[in-house]
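Work through the exercises below with the sequence and the model at hand, and try each task before reading its solution.

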Amino acid sequence: ALCWCIIGQQINLTFAYSLKRRLTEAYGSKIEYESKNYWLFPEPEAISKLKPDDLRIFQFSQKKAEYVIEAGKQFSEGNISKEILSRLATDEAIKKLTSIRGIGEWTANYLLMKSLRRHECITHGDVGLFNALVKLKNFQKRPEKQQILDLFAHYPGWEAYLVFYLWRS
């Protein structure tokens with residue numbers, strides 16, 4: 001999930017899916033069922049052993065390749081895991097995640113929202129969220145982080161749901 005968040009940073013979803021598929025088919029494993037291949041995402045250990053050039057051939061940017069490899073290293077070395085993040089309060093989990101190179105506030109919140117079902121997460125910096133708020137709230141420009149926090153303050157414990165509804169709008 002963390003790799004998927006990194007792969008999807010600042011690119012369109014169609015291209016992100018292509019990058020993920022290329023990575024998975026090159027370094028993941030597959031199972032065959034009823035004459036069809038089903039690919040499993042690579043294990044962190046496999047990703048951690050890659051070099052950026054291994055991913056550049058699949059059209060990963062240099063930085064995105066470095067960030068995906070770093071995420072693999074963090075997991076394979078046991079510095080981070082779903083279990084570790086589950087035990088932390090949301091603000092502590094965000095702090096831990098953003099201490100890793102290539103993971104910013106959007107990525108940390110998106111990961112916690114989607115993987116750990118943290119309902120209080122807001123994907124700050126998300127273009128889709130900004131566009132929805134500009135459209136629905138008639139902002140003349142992208143709202144600042146504090147404006148978003150002020151709007152979301154009316155829905156404590158439902159922030160992630162609100163993000164999803166705004167994306168759908």
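**Exercise 1: an aromatic cluster**

W167 has a relative accessibility of 28% and therefore counts as partly exposed, where buried means under 20% relative accessible area, exposed over 50%, and partly exposed in between, with a 1.4 Å probe and protein chains only. The model is a predicted one, in which local features need pLDDT of at least 70 and side-chain atom pairs count only at pLDDT 80 or more, while totals for chains, interfaces and linings use all residues. Residues are numbered from 1 along each chain as its sequence is written, and side-chain values use heavy atoms, with hydrogens and water left out.

Task: Describe how the rings of F164 and W167 are arranged, and then how Y110 and W167 pair.

Solution:

1. Rings of Phe, Tyr and Trp (its six-membered ring) pair if their centres lie within 6.5 Å, and planes under 30 degrees apart count as stacked, over 60 as edge-to-face and the rest as tilted.
2. The ring centres of F164 and W167 are 5.3 Å apart and the planes stand at 80°, so this pair is edge-to-face.
3. F164 and W167 are three residues apart in helix α11, which means that about one helical turn separates them; helices are DSSP runs (H or I, at least four residues), numbered from the N terminus. F164 is partly exposed, at a relative accessible area of 30%.
4. The structure holds six aromatic pairs. One of them, Y110 with W167, is tilted, with 6.0 Å centre to centre and 55° between the planes.
5. Because Y110 lies in helix α8 and W167 in helix α11, that pair ties together parts that are 57 residues apart in sequence. Y110 counts as buried, at 14% relative accessibility.
6. Ring pairs link W106, Y110, F164 and W167 into a cluster.

**Exercise 2: the nonpolar core**

Task: Which residues of the largest nonpolar core touch the most other members, and what does L55 touch?

Solution:

1. A nonpolar core is a set of buried Ala, Val, Leu, Ile, Met, Phe, Trp, Tyr and Cys residues joined through side-chain atoms within 4.5 Å.
2. The largest such core has 44 residues, of which I7, L55, F60, V68 and L97 touch the most other members. Several helices each supply at least two residues of this core, among them α1 (2-7), α5 (62-76) and α11 (159-168).
3. Leaving aside residues up to four places away in sequence, L55 touches L23, Y27, L50, F60, A65, V68 and I69, a contact being heavy atoms within 4.5 Å.
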